[in-house]
Amino acid sequence: MALTALELGLRGAVVALFLVVCAVLLLRYAAVHRAASLGAAMGAAGAAYAITTAPFFPATSFGWSSPFVAFAMGSPVIFWLWARAMFDEQFVLRPWHAAVWTLLAGLGVVSHNCLTIWPDVARTCGRMLALATIAFAVLGVTQIPKGWRTAVTTARGRLLIALVIGVGLQMVLAAAAGLAAIPTRSISLNAALGLATFALMSIWMMLFDPPVGQPAAAGTGGQAGRASGSFEPNGPSPQDRASLNRLNHLMTTERAYRQEGLTIGLLAARLGMPEYRLRTLINDGLGHRNFNAFLNRYRLDEAKAALADTNQAEVPVLTIALDAGFQSLAPFNRAFKADTGLTPSEFRRQAAAAPTADTAEIARSE
């Protein structure tokens with residue numbers, strides 16, 4: 001009984017800590033990072049897993065326990081999607097992703113709740129669930145090479161890699177234990193791994209904070225602006241400061257972001273520094289998630305200024321997008337909507353209406 005009480009206490013702590021992670025990710029990062037919502041879903045799934053694998057949790061009920069089971073058993077799909085969002089710059093959530101999650105969650109509910117009603121069906125669904133869990137865990141870990149070159153240049157990137165590998169390994173071990181019919185309701189596996197996962201996630205979350213000095217979010221989309229942060233609490237070194245000044249001049253004065261086919265290698269060559277050093281400047285010094293986010297920040301700022309300029313009211317949106325450095329209209333529209341919450345045309349209409357509204361307000365006050 002003492003061991004069971006200790007396990008329940010630890011599980012309660014794990015659930016509470018995972019819920020804190022969910023709240024912080026949603027409230028603090030959802031507006032500035034596309035993976036924050038999926039990270040919060042992972043935290044909620046972790047909490048549900050800690051609950052559903054605890055002693056005395058009902059194993060044959062289709063009532064209140066089913067949502068917990070569904071969310072816990074669908075966690076491998078969430079993990080895979082979260083890893084894709086973190087490492088694949090082209091990733092976009094699709095409706096079929098929800099269908100895949102529903103299928104896996106359904107297998108989990110049937111395998112958990114039908115053991116006494118249809119034991120053969122429950123065992124078959126359980127084996128399918130375990131195999132699918134291993135598959136999605138492996139798929140999640142295999143996303144790492146897509147962003148490896150960027151991630152390994154920063155401390156938070158390296159920790160993110162460790163987190164993905166750790167969570168994937170936990171899922172594989174738990175699924176393999178299920179296939180081998182090894183009891184998993186033990187303090188040594190579930191509670192300890194849950195606490196370790198939370199610790200890694202918490203450290204990663206803290207390292208994900210923008211550098212000190214990053215300006216507050218601006219614009220209707222709540223996207224964080226460019227950072228003027230530093231690598232260290234006492235500020236950047238003289239060498240880093242000089243490099244940041246050269247980079248700022250190249251981007252703001254020479255508008256290098258307009259160059260067609262600009263890569264981080266080409267930009268590093270223009271600055272006369274190694275590519276890995278430029279990555280560190282962009283990620284740690286300026287707080288951008290990756291090189292594309294860094295470029296798009298300048299391109300979107302120029303596009304917004306052009307769209308708000310009444311003298312360019314007749315200039316097509318496509319022309320503005322191409323002038324700012326985008327290669328076509330579709331990626332520009334996606335990036336613009338993600339940054340502002342508006343389409344370029346909606347943004348232009350609102351900007352055109354703003355001076356009129358200000359003039360009318362002045363007239364009424366007089």
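A: Tyr-257, Phe-291, Phe-294 and Tyr-298 form one aromatic cluster. First, some ground rules. This is a predicted model, in which local features need pLDDT of at least 70 and side-chain atom pairs count only at pLDDT 80 or more, while totals for chains, interfaces and linings use all residues. Residues are numbered from 1 along each chain as its sequence is written, and side-chain values use heavy atoms, with hydrogens and water left out.

Now the rings. Rings of Phe, Tyr and Trp (its six-membered ring) pair if their centres lie within 6.5 Å; planes under 30 degrees apart count as stacked, over 60 as edge-to-face and the rest as tilted. By this rule the structure has 10 aromatic pairs. One of them is stacked: the ring centres of Tyr-257 and Tyr-298 are 5.7 Å apart, with the planes at 20°. This pair links distant parts of the chain. Tyr-257 lies in the loop between α10 and α11, Tyr-298 in helix α13, and 41 residues separate them. Helices here are DSSP runs of H or I with at least four residues (strands are runs of E with at least two), numbered from the N terminus. Tyr-257 and Tyr-298 are both buried, where buried means under 20% relative accessible area, exposed over 50% and partly exposed in between (1.4 Å probe, protein chains only).

The other pair to look at is tilted. Phe-291 and Phe-294 have their ring centres 6.2 Å apart and their planes at 35°. Both sit in helix α13, three residues apart, so about one helical turn separates them. Why does that spacing matter? An α-helix has 3.6 residues a turn, so residues three or four places apart point the same way. Phe-291 is buried, as is Phe-294.

Next, the charges. Side chains of opposite charge can pair when their charged atoms come close. A salt bridge is a side-chain nitrogen of Lys or Arg within 4 Å of a carboxyl oxygen of Asp or Glu. The whole structure holds seven salt bridges. Helix α13 (residues 291-308) contains both Arg-297 and Asp-301, four residues apart, about one turn of the helix. Arg-297 and Asp-301 form a salt bridge, with their closest N and O atoms 3.1 Å apart. Arg-297 is buried, with a relative accessible area of 7%. Asp-301 is partly exposed, at 29%.

Arg-297 has another partner. Its side chain meets that of Asp-339 in a salt bridge at 2.8 Å, N to O. Here the link joins distant parts of the chain: Arg-297 is in helix α13 and Asp-339 in helix α15 (residues 329-340), 42 residues apart. Asp-339 counts as buried, at 4% relative accessibility.

One more charge involves a ring. Arg-299 lies over the face of Phe-326, at 5.9 Å from the ring centre. A charge sits over a ring if NZ of Lys or CZ of Arg is within 6 Å of the ring centre and within 35 degrees of the ring normal.

Glu-254 forms a salt bridge with Arg-270, the closest N and O atoms being 3.0 Å apart. Glu-254 lies in the loop between α10 (238-252) and α11 (264-271), and Arg-270 in helix α11, so the pair ties together parts 16 residues apart in sequence. Glu-254 is partly exposed, with a relative accessible area of 43%. Arg-270 is partly exposed too, at 43% relative accessibility.

Last, a word on confidence. The predictor's confidence in each residue is its pLDDT, from 0 to 100. The chain averages 75, and 71% of the residues score at least 70. Over residues 209-234, pLDDT stays under 50, and the model has 60 contacts there beyond four places in sequence. A contact means heavy atoms within 4.5 Å. Residues 359-366 also stay under 50, with zero contacts beyond four places in sequence.
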